[in-house]
Amino acid sequence: MEFYFMYILMGIILLPGLIYASVVSAKVNSAFKTYSSVCSSKGITAKQACEMILRNAGVNDVKIVEINGHLTDNYNTSNKTLSLSQSVYNSTSISALGVAAHEAGHAIQHAEGYAPLKMRHAIGTLSNFCSSLLWPLLIIGIVLSCLSMFEWGDIFLWGGVGFFGLAVIFSLITLPVETNASKRALTCLVNSGALDQTEVRGAKVVLDAAAKTYVAALVVSILNLIRFVLAVLLTRDR
Ligand SMILES: [Zn+2]
């Protein structure tokens with residue numbers, strides 16, 4: 001009876017996280033769409049806003065380029081390139097300026113040596129490595145358990161879950177980095193003169209919605225971790 005309960009729990013445990021992630025994603029798209037139709041009163045494009053923000057912050061060595069895709073905007077610390085997506089680059093909408101300013105916020109974090117960004121960069125590879133160990137270790141653990149080598153099986157099973165847990169802990173560093181970039185973006189948009197105080201409220205709605213996607217991803221990761229713990233407990237008890 002307990003087994004059945006655990007199996008059902010494993011199946012449904014991810015559901016609230018997936019629903020939350022879908023709702024958050026829908027809200028981001030909705031907020032972006034709403035403020036995509038509201039143009040900034042000064043008619044400044046997202047690219048120009050980035051240039052103004054970076055110049056104001058004394059950052060002069062960042063290249064701004066246009067890339068394909070929808071909301072694929074990013075800042076690359078390794079080559080100091082700020083990439084803006086096609087729907088953002090030449091747009092004068094409040095959504096586009098908000099997204100572009102957020103990426104400029106990352107460029108300023110990089111130039112200032114903002115510690116959480118450095119930390120995210122440093123542990124990024126380690127985090128990917130830890131989460132990539134999950135399945136190989138789980139599979140080895142299951143094979144060993146099937147061969148009645150339970151003690152070794154347990155070591156590999158819990159090892160896999162442990163490494164995945166570490167990856168989840170490492171991913172926490174994303175939250176302060178993203179929140180700080182958005183906070184900088186809103187201040188810089190006003191200080192650079194790209195948006196006025198009223199317009200920047202729209203940019204805040206877009207960036208607040210986008211920030212929740214990182215929270216949703218973290219929630220899904222934590223629920224997945226719980227699922228793997230339950231799966232290991234089930235494998236061991238069999
Ligand atoms: Zn970001």
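**Loops and a helix pair**

Tutor: S148 sits in the loop between α7 (134-146) and α8 (150-171), where helices are DSSP runs of H or I with at least four residues, strands are E runs of at least two, and both are numbered from the N terminus. This is a predicted model, in which local features need pLDDT of at least 70 and side-chain atom pairs count only at pLDDT 80 or more, while totals for chains, interfaces and linings use all residues. Residues are numbered from 1 along each chain as its sequence is written.

Student: What makes K80 count as partly exposed?

Tutor: K80 has 14 C-beta neighbours inside 10 Å, which falls in between those limits, so K80 counts as partly exposed. K80 lies in the loop between β2 (74-76) and β3, and has a positive phi of about 50° although it is not a glycine.

Student: What makes up the contact of α3 with α5, by class?

Tutor: A46, A49, C50, I53 and L54 in α3 meet A96, L97, A100, A101, A104 and A107 in α5, contact being C-beta atoms, placed from the backbone, within 7 Å. By class, this contact has 11 nonpolar, no polar and no charged residues, because Ala, Val, Leu, Ile, Met, Phe, Trp, Tyr, Cys and Pro count as nonpolar, Asp, Glu, Lys and Arg as charged, and the others, Gly among them, as polar.

Notes:
Two residues are in contact if their C-beta atoms, placed from the backbone, lie within 7 Å. A residue is buried if 20 or more other C-beta atoms lie within 10 Å of its own, exposed if 12 or fewer, and partly exposed in between; C-beta atoms are placed from the backbone.
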